[in-house]
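Trainee: Hi, could you walk me through this one? I'm new to it and have some quick questions.

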Amino acid sequence: MSILIDKSTRLLVQGITGKEGSFQTRRCIEYGTNVVAGVTPGRGGETAEGVPVFDTVKQAAAETNANASLIFVPAPFAADAVIEAAYAELPVIICITEGVPTLDMVRVARFLRGSGLTLIGPNCPGVITAGECRAGIMPGNVFSRGHVGVISRSGTLVYEAVAQLTARGIGQSTCVGVGGDPVIGTRPVEILRRFNQDADTHAVVLIGEIGGSAEQEAAEYIGAEMRKPIISFIAGATAPPGRRMGHAGAIIAGAAGTAAAKQQALREAGAFIVESPAEIGAVTDEVLHNFQVR
Amino acid sequence: MKVHEFQAKQLLAAYSVPVPRGQVAETPRQARAASQALGVPVAVKAQIHAGGRGKGGGIKLAANPDEAERVAGEIMGMQLVTHQTGPEGQLVRRVLVEEQLQVARELYLSIVIDSSNGLPVMMASEAGGVDIEEVAAATPERIHRLAIDPTIGFLPFMGRQLGMAMGLSGDVLKQALAAMDGLYRAFLEKDCSLAEINPLVVTADGRLLAADAKLNFDDNALFRHGDIAAMRDKDEEDPLEVQAQELGIPNYVKLTGNIGCVVNGAGLAMATMDAIKLAGGDPANFLDIGTVNSVERVVNAFRILTADPNVQAILINIFGGMARVDVIAQGVIDAQREGGVRVPVVVRLAGTNLEEGERLLEESKLPVLRASDLGDAARKAVEAAKQAAAAK
């Protein structure tokens, strides 16, 4: 088991004929992902990376039984692409696109609420279930199969954390980059909930960053319901306040946005806090050893 | 993107948010003319992007055109220091000359995106005119919030609820409803990230006006708002940051330390800064090079770092996902061959196309310091910067 995606995932790629779309589709297939269809309006009937291309998600889903979508379309059209996938009722929609206008995401998130569909992203590295399915842009070779779930608002920090885990022989179940934008499809606390119910996940590495209140939400859930150890690193402890550090979510707005406030909330909820980004693997190793889970 | 107060007010006025009568002046003579045209006592307000202007001497009153010209002369050309500018302050290039208001009450009204529920939230308070963050921290019950669902929009009951919470009634409440509706429409139609009126003033004669206004815009949505993009004032931004943007690097923030950083991804960039600090060093900047697959952009990143005289060592930390490590390595090589890199360079590479990147660096025979992981990279960069500083 795992969460969101696995061996049975039949992946569709929106924007498959674009430069990144085609490169990353090839990487997904090389990793062993079952990519069943691509969508690029106007290119229906062609093949890309050995996969049939359709004009619409509806056609692609009807003919291939796709059950997840990976989106690479440019930012101005990303909202359109997500809603198109939602209209086709694909249960898992993963949007890699960076730079989507926030108010587009406000409408998308509102539309998806209560639909039962899961959007991951945008502005994220995607999702990978080690050894089974890569639906994203991450370097597949740093991941290894095991029982630690990983959640991160930042893409490259997923790779950093996972590389440290793998180097210590600690495998992962599923790794989810939820995205760095202010409004995202699925917040970290919802991924925690899934990991809590996943028998294959024995512990979770939660990587947060300054800005917003996602870590406090997660802390509340961890304190109340989480039955598995949580190891957490918060990026940006040394960032000067008030400066925007790339991610819109990384604007320190009020006391809740600081790394110190997030660390405190998580610590009080029982999470293990990693101070240095270079120690994520080491601390996880120690926690797993103490809890005798691996 | 930020705009000036006068630009924000022009925009809001177009959405039926009442603002004081006023004119922009770029010389003291123009300030006199503006005062004359208004024909009433005026306030002369420095136009810079930072807040807290009044305390720094950037807002002055004038009873007549003579005084308006004189105080405008005092304000224009000054390096205005506020709690938001940093100690060096910001040069004042223009002022807004506005009718003085007979203030009876100062309220607060704003809209931001609440990321916890993914909706715009309107915030209103009867305690306007002062530092609203202090009010929010000390007396949160005085800030009234209402989430607005974009599928239903801003409705009159919302305005009544917030207006009454601010203690408004009768005609002033009616005016407040119109102002809230206008603020929401402006926020939505112009893709704002923040729309704030502080203070929202009720005058002695019962008029409701936006005495100050602040609009920030979503950079990601500027492509569909040419009118807003044209309002950008690069004079208000750090010259190195502007240069970085022109060279294709959108996420560069200059800091005060001496270790220049080039990292892919905002989170890893922040984590790299954290690692440098924990190793006893001080980062010179935040630089997220993005999902770069262009050699030129890496070379440009080096150009920006070497333009900062404080930089005594450079740390390259790239974990390739969508970005390809071989492209980054080629950029590091080209930048050094181009010359101008006179400080030690520490390189940590990992991820997509790593072997090819390693081979390129190896074959270049350039004197880069190689690091095996993040902790190693931070230690080596801190050590290199210390040695460079000692050698000076």
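**A first look at the model**

Mentor: Happy to. Chain B has an average pLDDT of 93, and 99% of the residues score at least 70; pLDDT is the predictor's confidence in each residue, from 0 to 100. This is a predicted model, where local features need pLDDT of at least 70, side-chain atom pairs count only at pLDDT 80 or more, and totals for chains, interfaces and linings use all residues. Residues are numbered from 1 along each chain as its sequence is written, while chains are lettered from A and ligands numbered from 1 in the order in which they are written.

Trainee: What ipTM and pTM does the model score?

Mentor: The ipTM is 0.91 and the pTM is 0.93.

Trainee: Which domains does chain A have?

Mentor: Domain 1 covers 1-123 and domain 2 covers 138-294, with bounds from an automatic or database domain assignment. Their centres, taken over C-alpha atoms, are 25 Å apart.

Trainee: And how many residues of each are in contact?

Mentor: 18 residues of domain 1 of chain A are in contact with 19 residues of domain 2 of chain A. Contact here has C-beta atoms, placed from the backbone, within 7 Å. On the domain 1 side, α4(A) gives the most, with five residues. Helices (H or I, at least four residues) and strands (E, at least two) are DSSP runs, numbered from the N terminus.

Trainee: Now the sheet in chain A: what's the strand order?

Mentor: It is an open sheet of seven strands, ordered β9-β8-β11-β10-β12-β13-β14, with mixed pairing. Two strands pair if DSSP finds at least two bridges between them. β9 (133-136) and β14 (272-274) of chain A stand at the edges with a single partner strand each, so one side of each has no neighbour in the sheet. From one strand to the next, the twist averages 15°.

Trainee: Which way do β10(A) and β12(A) run?

Mentor: β10 (residues 145-152) and β12 (residues 203-209) of chain A run parallel, joined by five bridges. Within that pairing, Leu206(A) in β12(A) is the bridge partner of Ile151(A). Helix α5 (residues 155-167) of chain A packs on the sheet, touching β10, β11, β12 and β13 of chain A.

Trainee: How do α7(A) and α8(A) cross?

Mentor: The axes of α7 (residues 214-225) and α8 (residues 259-268) of chain A come within 8 Å and cross at roughly 10°. Axes are lines fitted to C-alpha atoms, for helices over the stretch in contact, and angles run from 0 to 180 degrees between N-to-C directions. The two helices are therefore roughly parallel to each other, a label for angles under 35 degrees. Glu215(A), Gln216(A) and Ala219(A) in α7(A) meet Lys262(A), Ala265(A) and Leu266(A) in α8(A).

Trainee: Switching to chain B, what do β7(B) and β8(B) form?

Mentor: They form a hairpin with four residues between them, and Gly118(B) in the turn has a positive phi of about 70°. Seven bridges join the two strands, which run antiparallel. β8(B) also pairs with β9 (residues 143-147) of chain B in the antiparallel sense, over five bridges.

Trainee: Last one: how many residues does each chain put into the contact?

Mentor: Chain B puts in 46 residues and chain A 49 residues. On the chain B side, α9(B) gives the most, with eleven residues.

Note on methods
Two residues are in contact if their C-beta atoms, placed from the backbone, lie within 7 Å. Angles under 35 degrees count as roughly parallel, over 145 as roughly antiparallel, 65 to 115 as roughly perpendicular and the rest as oblique.
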